[in-house]
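Look at the model below before reading on. The text goes through a few places in it, one after another.

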Amino acid sequence: MAEEKDLTVEIPVCGEEVNLDGYELVYERPHSLTGTRLHYCPGCGHSTAHKLIAEVIDELGIQDKTIGVAPVGCSVFAYDYLNIDMQEAAHGRATAVATGIKRFLPDKYVFTYQGDGDLAAIGTAETIHCINRGEKILIVFINNGVYGMTSGQMAPTTLKGMKTTTSPYGRDVSHVGYPIKVSELIAPLPGAFYVTRVAVHTPAYARRAKKAIMNGFKYQKLGLGTSFVEVISNCPSNWKMTPLQTMDFMDNEMLKYYPLGDVKVPSKEALENLDK
């Protein structure tokens, strides 16, 4: 009888060095992403978005030139996960803080990473005026239709009829108005250089999201305005769904109201000097 091989694999601790003798390395954690265990709920899109940003920073070779601004919200601990210079901002004020950083350090790549409660509610004024001025930063906007960190209250982006802790019978648009499509709202502003909407709940969507984030960072070199990448994400805990159920809700509800794709793209003339 042939001797059976031991096929057990020892799972390394996150951040631990692994002996790769005899193996081909096909993927590794981005250097701009720390080995700290993420606190996000299972199925949440924040983890994927963090990884994509880290991959882009690595591929552009700008780890020592990038400054991120984290808000109040689920991503408040982004400084623990992204191995770059990070700055905290008061609730809704991330774009104001980023404006000061970019103006003082114009050669740095500056971005904000904000949720819908932070950017589209308390931070509406800062967001609108930042983009209207054409501040030369990237705004990454995570839209999951709900206040994530503070127990799931209704957000400006909550869908019509969607139940939250503050709309237990569903969002009543006759009383509180319609969900705000932030990308469409800010795209007409003259300072908006690049506006697009992506998602991260499937591998194909994540690849497109990475390309959008890559563009947002690269366009900063042109100094022609603000780049805005809206990321539609799922929130299993506050949607009261399993991660698998949120996938269906994303496709059948969220993406119907928030269609993916470019909302505003730079002209060919504007991109002529991008690679120079």
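Ala94 has a relative accessible area of 0% and is therefore buried, since buried means under 20%. The model in which this is computed is a predicted one. Ala94 belongs to helix α3, which covers residues 94-104. Leaving aside residues up to four places away in sequence, Ala94 is in contact with Val69, Ala89, Thr112 and Gln114. Phe111 lies 17 residues from Ala94 along the chain, and the C-alpha atoms of the two are 9.1 Å apart.

Ser183 is part of helix α7, residues 182-186. Its relative accessibility is 0%, so Ser183 also counts as buried. The side chain of Ser183 forms a polar contact with the side chain of Glu230, at 2.5 Å. Glu230 is also one of the residues that Ser183 touches, along with Val195, Thr196, Arg197, Phe228 and Val263, when residues up to four places away in sequence are not counted.

The last place is a pair of helices. Two packed helices are described by the angle between their axes and the distance between the axes. Helix α1 (residues 46-60) packs against helix α8 (residues 203-218) at an angle of about 50°, and their axes are 9 Å apart. Because of that angle, α1 is oblique to α8. The two helices cross in a right-handed sense. On the α1 side, the residues that meet α8 are Thr48, Leu52, Ile53, Glu55, Val56, Ile57, Glu59 and Leu60. On the α8 side they are Ala206, Ala209, Lys210, Ile213, Met214, Phe217 and Lys218. By type, the residues of this contact comprise ten nonpolar, one polar and four charged.

Note on methods:
Residues numbered from 1 in each chain as written. Predicted model: local features only at pLDDT ≥ 70, side-chain atom pairs only at ≥ 80, totals over all residues. Heavy atoms only, no water. Axes fitted to C-alpha atoms, helices over the stretch in contact; angles between N-to-C directions. Helix = DSSP H or I, 4+ residues; strand = E, 2+ residues; numbered from the N terminus. Parallel < 35°, antiparallel > 145°, perpendicular 65-115°, else oblique. Left-handed = near helix turned anticlockwise from the far one by under 90°. Contact = heavy atoms within 4.5 Å. Nonpolar A, V, L, I, M, F, W, Y, C, P; charged D, E, K, R; others polar. Buried < 20%, exposed > 50% of the residue type's maximum accessible area, 1.4 Å probe, protein only. Polar contact = N/O pair within 3.5 Å; in protein donor to acceptor, adjacent residues only side chain to side chain.
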